[in-house]
Amino acid sequence: MSRRRTLGTKKKIALLVSAATVAGGGAFVMASTSNAAPTPKSASESTVCLGLATALGNNQKFIADQRARPDAQSEARIANREAVVAEIKRKQEASGCVVGESAQDSQAAQPAQPSAPAASAPAASAPAAPPAASAPAGNGGGGAAAGQQVCNGSTVTLSGEGGAPAASSNQFPAGTKLKVTNLDNNKSTTVEVTSVSGSCVLLNNAAFEQVREPGKFLIRRAVIQKVG
């Protein structure tokens with residue numbers, strides 16, 4: 001006959017406590033794992049994504065403007081920029097950014113500024129009008145003198161176009177020479193405007209490589225001057 005071994009009351013309690021402890025610990029580990037927050041992007045990754053998003057927004061705005069006001073060259077320009085948009089999206093995917101995410105260049109916010117003088121115009125006297133008219137001329141850049149700083153407050157991104165170092169602009173006609181200095185690394189380049197864009201100044205790939213910091217697609221602190 002087999003003899004059954006019975007556990008004492010104290011041993012039963014000890015076993016139950018151990019099992020509860022193990023189960024509780026496992027549940028805690030699972031809860032901690034499931035509630036873990038996603039790893040945020042580093043500062044460098046955020047800068048890369050913001051630069052690409054800004055470049056994408058500039059090109060998309062240019063395409064929209066060309067379709068709204070077409071001319072004889074619009075179809076060719078749109079085709080070129082659509083290829084650039086596709087390339088930027090590939091770079092977004094490769095960099096771990098949100099593909100298709102776009103952001104308007106900070107220069108796009110400047111047209112809202114004239115609304116402030118307009119609101120104060122009724123309270124201003126007649127002689128105050130000439131200074132208000134001269135302010136946009138200095139910021140616009142098109143009529144700037146040689147050596148004058150232009151595109152104040154504008155960030156600089158790439159247009160995505162290939163070829164020799166060059167720039168595109170919605171402020172300056174083709175043939176205008178601009179000097180772009182990146183204040184974060186003191187690198188500068190002088191380029192000629194060769195095409196139209198949706199921002200004050202965009203650098204093509206070759207020009208952008210001459211002044212950018214490694215791994216960045218956005219220049220936040222830049223000085224842009226018109227060359228004689």
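Which residue in E4 does Ser169 stand opposite? In this predicted model, the residue opposite Ser169 is Val196 in E4. Ser169 itself belongs to strand E2. Strand E2 covers residues 167–169 and strand E4 residues 187–196. The two run parallel and are joined by three bridges.

Ser169 is buried, because its relative accessibility is 2%, below the 20% cut-off. Its side chain comes to 3.2 Å from the backbone nitrogen of Phe172.

Strands E2 and E4 form part of an open sheet of six strands. The order is E1-E6-E3-E4-E2-E5, and the pairing is mixed. Strand E1 (149–150) and strand E5 (202–203) stand at the edges. Each has a single partner strand, so one side of each lacks a neighbour in the sheet.

The mean pLDDT of the protein is 72, and 61% of the residues reach 70 or more. Among the elements, strand E3 (residues 177–182) has the highest mean pLDDT, at 95. Helix H5 (residues 129–140) has the lowest, at 35. Over residues 20–38 the pLDDT is below 50. Beyond near neighbours in sequence, that stretch has zero contacts in the model. Residues 105–140 also stay under 50. For residues 105–140, however, the model has 19 contacts beyond four places in sequence.

Key:
Residues numbered from 1 in each chain as written. Predicted model: local features only at pLDDT ≥ 70, side-chain atom pairs only at ≥ 80, totals over all residues. Heavy atoms only, no water. pLDDT = per-residue confidence, 0-100. Helix = DSSP H or I, 4+ residues; strand = E, 2+ residues; numbered from the N terminus. Contact = heavy atoms within 4.5 Å. Pairing = 2+ DSSP bridges. Buried < 20%, exposed > 50% of the residue type's maximum accessible area, 1.4 Å probe, protein only. Polar contact = N/O pair within 3.5 Å; in protein donor to acceptor, adjacent residues only side chain to side chain.
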